[in-house]
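Please read the points below with the model open beside you.

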Amino acid sequence: MPTAFRPLLAALLIGVAMPAPAQDTQAPSAPGTQALAPIKDLPAKGDGIDPGAYLAARVAGSDNDYTAAADWFGQALAADPKNGALMEGDIVARIGAGDFASAIPVAARLAKLNPEAQVAQIALIADEAKRGDFATLLAAMKGNRAVSPLMDQLVTAWAELGTGDMSQAQKDFDKIAATKGLEAFGLYHKALALASVGDFEGAEKILAVKGDGPLKVLRRGRVANAEILSQLERNPEAIKVLTDAFPEGNDPSINGMIADLQAGKTLPFDVTRNVTDGLAEVFFTMALAATGGEASDAFTLIYARTAIYLRPNHAEAILLAAAMLENQQRWELADATYALVAPADPGFFAAELGRARALQSAGKTDAAEKVLATLAKSRPDLIGVYLAQGDLYRGEDRWADAEVAYDKAVARVKPGEPAYWSVYYSRAVALERQKKWAAAEKDFRTALSLSPDQPVVLNYLGYSYIERNENLDEALDMIRKAVAARPDSGFIIDSLAWGLFRLGRYADAVAPMEKASLLEPVDPVVTDHLGDVYWSVGRKLEAQFQWRRALSFDPDEKEAKRLRAKLDKGLDAVMKDEGVPPLKAVDAPKSGN
């Protein structure tokens with residue numbers, strides 16, 4: 001069974017602006033990110049506690065409903081104004097909702113009550129940085145203020161620069177760079193600090209690292225490097241930095257930079273124009289780092305919101321915050337956050353794609369379609385618009401419309417470009433769903449020719465061959481390769497087990513099918529397959545149990561009807577009614593393939 005596949009935040013991390021393929025439509029919708037409560041186990045210690053407001057605040061917080069949580073925490077605090085836990089919940093909710101300014105007075109009260117409250121200290125850092133009060137900020141950082149060791153060091157270094165002590169700031173950045181595991185953070189921010197005061201030569205020496213180290217991964221590091229090279233009148237090198245890093249033609253921001261460089265223009269350095277921008281970059285960097293770790297989306301959102309408060313036009317921080325809200329299924333708030341990117345900003349294109357996705361997830365498909373149609377009119381040259389349109393139609397099972405959109409994307413693809421394998425894959429799915437198999441197979445093969453090891457393509461094509469009872473040996477080899485790449489994907493393992501079943505190797509199919517069921521315990525198709533495999537090896541009571549379970553998982557009506565028929569008269573009779581050859585076990589080949 002084809003599996004869902006969408007790399008998270010690739011555009012922010014490495015600058016690949018082309019959307020990845022939408023989730024596979026033969027598989028059920030990928031499960032949403034589990035809601036993570038920003039505040040847990042709030043104590044109700046105040047004498048004047050309002051139980052209703054308190055409980056409502058906790059429920060809203062647990063659901064990541066930041067707007068409602070802010071309202072309820074505010075009511076609860078009105079009744080119990082000295083409750084530190086309520087203050088913390090209120091701050092998190094207000095920052096999460098994007099109302100940073102109203103969180104600052106509460107943070108000041110909480111910091112006096114509990115100096116160890118991290119979210120309060122974050123809010124106060126932002127307040128002081130926003131006002132340019134770097135002396136107060138530096139004094140607090142050298143006092144008892146603490147958030148996390150790395151953040152504390154970065155904030156202190158930028159605050160030193162804010163007070164005019166560049167020498168001490170460089171020593172602070174160097175200290176971070178000398179710490180194992182933190183080298184990239186120290187070097188990156190030192191380069192930005194040097195560039196912010198006009199020392200482009202010093203900054204370029206840091207960013208011009210060899211190989212593919214951490215400084216070469218961060219998208220903004222590439223952009224900063226190009227801007228710095230342009231300031232040094234080295235436009236050809238700046239162009240190479242950008243063209244080496246980003247796929248051609250699909251990122252309006254990068255396209256504009258390259259065009260200006262080719263025209264001989266000098267790019268302004270605006271990644272960090274001043275110390276406040278530098279502190280915004282600290283929070284953005286920390287937010288990006290959190291996406292690759294174990295921090296909850298709520299904490300990542302706080303860091304991103306802080307970066308936006310310090311620099312309201314930080315489009316990449318806006319995109320990251322909105323993505324976190326999407327992960328938490330706060331569609332309306334995600335929509336509003338994407339809308340913060342100004343139409344003139346090069347990031348507007350990516351933001352509008354995000355808005356369309358959030359609107360569709362909120363059930364506002366017509367509005368999402370209008371957003372994408374407007375984008376297509378304004379930027380008909382960009383592949384990502386048509387991919388997004390195709391993905392929207394796929395989500396609505398509008399396969400013919402999806403095919404048309406993907407046709408437009410394919411027409412704009414540079415032949416032989418490996419980065420665009422997903423364009424052919426996406427169109428292949430739309431074609432296969434319309435039973436245009438010859439054309440679909442051609443696109444699947446093209447996708448594999450561009451990227452031979454893509455497990456999503458190997459799995460989908462292999463599974464399709466199995467369903468069609470064609471090229472079964474090749475199909476099984478494809479799926480085995482996909483399993484090796486994604487050993488924890490229940491859907492891909494289901495494909496492997498189902499291939500063995502279709503080959504008559506019923507006993508061999510049991511173990512992988514059971515594993516697939518454990519990995520996808522409430523999927524109706526995987527559970528149905530497990531029942532069929534059990535039936536094929538004579539475990540008929542267990543088969544009937546699995547078919548009943550599959551019925552409880554809300555399968556589509558056609559599959560539900562077939563499940564009821566199997567429960568009524570057994571798999572053999574259903575296969576006979578369908579004109580399918582009867583079950584016949586075969587021995588596994590001696591090679592073990």
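1. Buried means under 20% relative accessible area, exposed over 50%, and partly exposed in between (1.4 Å probe, protein chains only). Helices (H or I, at least four residues) and strands (E, at least two) are DSSP runs, numbered from the N terminus. In helix α19, the buried residues are Phe349, Ala351, Glu352, Leu353, Gly354, Arg355, Ala356, Ala358 and Leu359.

2. This is a predicted model, in which local features need pLDDT of at least 70 and side-chain atom pairs count only at pLDDT 80 or more, while totals for chains, interfaces and linings use all residues. Residues are numbered from 1 along each chain as its sequence is written, and side-chain values use heavy atoms, with hydrogens and water left out.

3. On confidence: pLDDT is the predictor's confidence in each residue, from 0 to 100. The protein chain has a mean pLDDT of 87, and 88% of its residues reach 70 or more. Over residues 1–46 pLDDT stays under 50, and the model has 149 contacts beyond four places in sequence for them. Contact means heavy atoms within 4.5 Å.

4. Back to α19 (residues 348–361). The expected span of a helix is 1.5 Å times one less than its number of residues. The 14 residues of α19 should therefore span 20 Å, and the end C-alpha atoms are 20 Å apart, which agrees. Its buried residues pack against α14 (252–262), α17 (315–327), α18 (331–338), α20 and α21. After α19 comes glycine 363, with a positive phi near 85 degrees.

5. How many salt bridges does the structure hold? There are 38, a salt bridge being a side-chain nitrogen of Lys or Arg within 4 Å of a carboxyl oxygen of Asp or Glu.

6. One of these joins glutamate 128 to arginine 145, with the closest N and O atoms 2.7 Å apart. Glutamate 128 is in helix α6 (residues 118–130) and arginine 145 is in the loop between α7 (134–142) and α8 (149–162), so the pair ties together parts 17 residues apart in sequence. Glutamate 128 is buried at 7% relative accessibility, and arginine 145 is buried at 8%.

7. Arginine 398 pairs with glutamate 369 in a salt bridge whose closest N and O atoms are 3.4 Å apart. This pair links distant parts of the chain, 29 residues apart: the loop between α21 (383–395) and α22 (399–411), and helix α20 (residues 365–378). Arginine 398 is partly exposed at 28%, as is glutamate 369 at 22%.

8. A salt bridge network links Arg219, Arg220, Glu281 and Glu316.
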